[in-house]
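Biologist: I would like to go through this model with you. Please put it up first.

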Amino acid sequence: MEDEGKAVREESARRPMILMYDVGRDIEKDRLGKLLAEQNPDLGIGEETVIPLFMKGPKTGDSVWWVCAVAPDAYQKVTTFWGGHSCLKSTSANWGIRQATSAVIYKAVFLPRITYASEVWASGVLTAKAVKLLGSKQRRALLSLTGAYRTTSTDALQVVAGQLPLDLEIRWSVVRKKRKVGLVSEEEKVDQWSRILEIWQTRWDTSEKGRWTHSMIPKVKRRLEVPLEVDHCVTQFLTGNGDFNAKLNSFALRGSGACRCGTENETVDHVLFRCPELTLVRDQLIRDIGGGVARPCSTEVFLNTRSNYRALCRFAKSAIEAKQLADRLE
Ligand SMILES: [Zn+2]
């Protein structure tokens with residue numbers, strides 16, 4: 001045990017470390033690196049690239065966390081990859097990278113790397129092509145961050161995640177750096193921030209994409225002011241992209257768009273406002289949101305306060321669980 005501790009300290013001094021969430025408890029230490037390499041051929045890494053050091057996290061349940069060392073030359077590859085995928089499957093348990101981890105990776109790895117050379121880019125090198133390329137990288141990171149379906153537009157993903165579009169993120173990082181070395185005043189910095197938010201707001205208002213999300217989250221500034229934890233359930237209601245028959249049908253993934261209740265197509269607003277099968281959970285939502293909210297209420301209401309948002313999260317979870325249960329019983 002003593003030796004093991006020493007080995008861990010030496011290993012971690014040499015290599016960058018990552019925290020891997022939701023690893024099946026029954027997966028042994030020796031097999032983890034091998035499985036990772038095998039199950040993710042796109043990564044193109046060897047068995048020895050990711051070395052599990054020690055277990056952390058929940059003492060009970062099916063999954064644990066592993067603190068792993070990563071070969072320095074593969075670190076970028078691995079974190080970028082995990083910025084975009086829930087990639088690990090196990091025969092016995094569901095592995096995957098949780099949104100919480102993704103958020104850490106987004107802030108700690110993705111943004112600093114992207115904004116690292118931002119002064120250079122902002123001085124004119126940031127071509128439309130570069131913005132597009134960076135945008136697709138951001139898209140992968142945002143998908144992971146929000147747990148959204150891949151059919152969600154980038155415009156909507158940025159708003160749901162509360163993350164600036166990448167070119168604006170870079171612009172903002174340049175302003176912050178200039179402020180640090182005294183090249184711009186605090187006033188100019190504040191001005192620039194308002195300007196950046198205005199640009200984002202105009203884009204969001206005029207985009208043809210993510211219009212359901214726009215009805216839920218019309219104001220980007222407001223989105224940044226309210227810290228929202230997003231998960232796979234509530235994201236479906238914020239984006240309208242989810243296990244809704246009408247949506248699945250539009251991608252030819254389901255034969256019919258009709259809801260099981262038989263009254264109309266199963267769209268996000270049908271589920272949220274009208275589906276008679278969800279009357280009980282909806283009544284709870286209405287009670288939670290409380291006073292004076294007309295029925296059906298405006299979609300903006302859900303993000304007015306944190307408690308309204310939490311009520312929406314509970315509704316989303318119950319609605320999705322009810323649907324899954326009904327699917328299983330069929
Ligand atoms: Zn229905």
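Biologist: What is the mean pLDDT of the protein chain?

Modeller: This is a predicted model: local features need pLDDT of at least 70, side-chain atom pairs count only at pLDDT 80 or more, and totals for chains, interfaces and linings use all residues. Numbering starts from 1 along each chain, as its sequence is written. pLDDT is the predictor's confidence in each residue, from 0 to 100. In the protein chain, 70% of the residues reach 70 or more, and the mean is 76.

Biologist: How many helices and strands does the protein chain have, and which element has the highest mean pLDDT?

Modeller: Helices (H or I, at least four residues) and strands (E, at least two) are DSSP runs, numbered from the N terminus. The protein chain has 16 helices and 3 strands. Helix H5 (residues 118–125) has the lowest mean pLDDT, 50, while the highest, 95, belongs to H9.

Biologist: How are H8 and H9 oriented to each other?

Modeller: Axes are lines fitted to C-alpha atoms, for helices over the stretch in contact, with angles from 0 to 180 degrees between N-to-C directions. Angles under 35 degrees count as roughly parallel, over 145 as roughly antiparallel, 65 to 115 as roughly perpendicular and the rest as oblique. The axes of H8 (residues 166–180) and H9 (residues 186–206) come within 10 Å and cross at roughly 180°. H8 and H9 are therefore roughly antiparallel.

Biologist: Which residues make that contact, and how many are nonpolar, polar and charged?

Modeller: H8 brings Leu168, Arg171, Trp172, Val175 and Arg179, and H9 brings Lys189, Gln192, Ile196, Ile199 and Trp200. Ala, Val, Leu, Ile, Met, Phe, Trp, Tyr, Cys and Pro count as nonpolar, Asp, Glu, Lys and Arg as charged, and the others, Gly among them, as polar. The contact of H8 with H9 has 6 nonpolar, 1 polar and 3 charged residues.

Biologist: How many residues of H7 are buried?

Modeller: A residue is buried if 20 or more other C-beta atoms lie within 10 Å of its own, exposed if 12 or fewer, and partly exposed in between, with C-beta atoms placed from the backbone. In the protein chain of 330 residues, 32% are buried. The buried residues of H7 are Asp155, Ala156, Leu157, Gln158, Val159, Val160 and Ala161. H7 (residues 154–161) is mostly covered, and the count is 7 of its 8 residues.

Biologist: Against which helices do the buried residues of H16 pack?

Modeller: H16 (residues 306–329) has 24 residues and reaches 35 Å from its first C-alpha to its last, close to the 34 Å expected. The expected span is 1.5 Å times one less than the number of residues. Its buried residues include Tyr309, Leu312, Phe315 and Lys323. They pack against H12 (232–239), H14 (268–274) and H15 (279–289).

Biologist: How does H15 lie to H16?

Modeller: Their axes come within 9 Å and cross at roughly 175°. Val281, Leu285, Asp288 and Ile289 in H15 meet Asn308, Ala311, Phe315, Ser318, Ala319 and Ala322 in H16. By class, that contact has 7 nonpolar, 2 polar and 1 charged residues. The axes of H15 and H16 cross at roughly 175°, which makes the pair roughly antiparallel.

Biologist: How does H12 lie to H16?

Modeller: The axes of H12 and H16 come within 8 Å and cross at roughly 100°. That makes the pair roughly perpendicular. Cys233, Val234, Gln236 and Phe237 of H12 make the contact with Leu312, Cys313, Ala316, Lys317 and Ile320 of H16. So the two helices are roughly perpendicular.

Biologist: Is arginine 314 buried or partly exposed?

Modeller: Arginine 314 sits in H16. Cysteine 233 is 81 residues away in sequence, yet 9.0 Å away in space, C-alpha to C-alpha. Arginine 314 has 16 C-beta neighbours inside 10 Å, so the residue counts as partly exposed.

Notes
Two residues are in contact if their C-beta atoms, placed from the backbone, lie within 7 Å.
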